[in-house]
Amino acid sequence: MGVVDIQGKLKLAIGSMKDHASIGKALMNHHQYDGFTSINIAVLRATGHDNGTIDDKYMHEILFLVSNSPNSIPFLAERISCRLAKTKDSLVALKTLVLIHRLLRGGNRSFEKELCKAHVSGHLQISTRPCFTKNGYDRSLGFLQKYASYIEERMSWLINQAGKLEPAIVSKGLEFRSYDEKSIDMVFRTLPKCQVLIDKVLEFSSNDMLGSDHSLVAQVAMSNTLRESFQVYVTFSEGIAALDNMLFDLTPSARGLACEILKKASLQSQRLHDLYASCKKIVRNKSLEYPFVQLISMDHIIALDQYGSPKIQPLASQSHVSLSRRMGISNPPQISNQFKGSLPEREKKEEKIEINLSPPTTHFSWTLETKISKVWVVFEDEPTNESQV
């Protein structure tokens, strides 16, 4: 144990020397940074080699400096990318990813938009490379890579005025002509996007957390990820309810795609239930409010797929049992009366439903306000004092 303690202290001392050298170099080359030296130093201090988590004062300092320096966000993105690319220390890399994540959650909508634009333009690059120590393979690498993959996908999400996550995608028109068109957008655009982010969350495992050499920072990173996944799961559930409500009113090709979405959702619900159960035991954050994950029966989905075939569709429509009721989702979206009537009339109207799944040309084709809910300004992701003891 004594040898291990000495090695840890030696590593910490060397890391502190590296931080001081990087800060000194930034001060000497302040003319090179066009007056943005303070931003660079704040990034270096926030992602230091010390074993603690990111101090909130550096977060607020970065946000303050950026807000008072026009056109400084691309520079901030480049400094963060440089820090992530050059470090050979997995702790520094993990803290840099946490910094990106918290900047996405801590600024106003205008800042969030510009930071995501910096990622799209290439100024902000989220990539990690294998970290090795003198003692062999770094056990934190698995968690580090999975967290980087999650942040990469998270960059395509925005926080709305209610403080909730939503995909940074839009359909052809923001003003829907009917409620059913809005439901189509929810089912075939938003729901698949939710499934992609949920897949990134499901890549984590309890072994990643327990095997990390930097459990304290990993706890913070996982707490942030879980908190966001809870919100995405709510949207996911709403999308499942909308899909189930409209399933028999879709064209055969669209119905087949909808059933594939349901089948994937069935597998995800089981895995998400298991992940949350394990995280309750290993993530030491009492402020996390885990949602109740309702399992989706694969047998029920197969039955819906069979009943939805063109030969027995009229019978299926009469005997359809709402999946949303089985999931316990209250107030599912209602389909308007435009699908009511004889089967020939419904088929004609089905042909008018166009499902365009092509991605928009840009993630930011609309004007965003700069006001954001206070829920995302206050950081509540630090471990409690009990967990630190």
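Guide: A definition to start with: a residue counts as buried when its relative accessible area is under 20%. Please keep in mind that this is a predicted model.

Visitor: Thanks! Is Phe236 buried or exposed?
Guide: The cut-off for buried is under 20% relative accessible area. Phe236 has a relative accessibility of 2%, so Phe236 is buried.

Visitor: How do the rings of Tyr233 and Phe236 pair?
Guide: Let's begin with the general idea. A pair of aromatic rings is described by the distance of the centres and the angle of the planes. The structure holds 7 aromatic pairs. In the pair of Tyr233 and Phe236, the centres are 5.8 Å apart and the planes meet at 25 degrees, so this pair is stacked.

Visitor: Which residues do ring pairs link into a cluster?
Guide: Ring pairs need centres within 6.5 Å. Such pairs join three residues into a cluster: Phe143, Tyr147 and Phe204.

Visitor: Where is Glu153, and is Glu153 buried or exposed?
Guide: Glu153 sits in helix H7, which spans residues 141-154. Its relative accessible area is 13%, and the cut-off is under 20%, so Glu153 is buried.

Visitor: Which residues is Glu153 in contact with, leaving aside its neighbours within four places in sequence?
Guide: A contact here needs heavy atoms within 4.5 Å. With those sequence neighbours set aside, the contacts of Glu153 are Lys193, Val196, Leu197 and Lys200.

Visitor: I always ask about cysteines. How many disulfides does the structure hold?
Guide: A disulfide is a covalent bond between the sulfur atoms of two cysteines. Cys116 is buried, at 1% relative accessible area, and Cys259 is also buried at 1%. The number of disulfides in the structure is 0.

Visitor: What share of the residues in the whole chain is buried?
Guide: The protein chain has 389 residues, with a secondary structure of 16 helices and 4 strands. Its accessible surface comes to about 20,000 Å², and carbon and sulfur atoms account for 54% of that. The buried share of the residues is 49%.

Visitor: And what percentage of the contacts with a separation of 6 or more joins residues 24 or more positions apart?
Guide: This count takes the contacts in the protein chain with a separation of 6 or more. Among these, the share for residues 24 or more positions apart is 81%.

Key
Residues are numbered from 1 along each chain as its sequence is written. This is a predicted model: local features need pLDDT of at least 70, side-chain atom pairs count only at pLDDT 80 or more; totals for chains, interfaces and linings use all residues. Side-chain values use heavy atoms; hydrogens and water are left out. Helices (H or I, at least four residues) and strands (E, at least two) are DSSP runs, numbered from the N terminus. Buried means under 20% relative accessible area, exposed over 50%, partly exposed in between (1.4 Å probe, protein chains only). Accessible areas come from the Shrake-Rupley method with a 1.4 Å probe; for residues, only the protein chains shown count as cover. A disulfide is a pair of cysteine sulfur atoms within 2.5 Å. Rings of Phe, Tyr and Trp (its six-membered ring) pair if their centres lie within 6.5 Å; planes under 30 degrees apart count as stacked, over 60 as edge-to-face and the rest as tilted.
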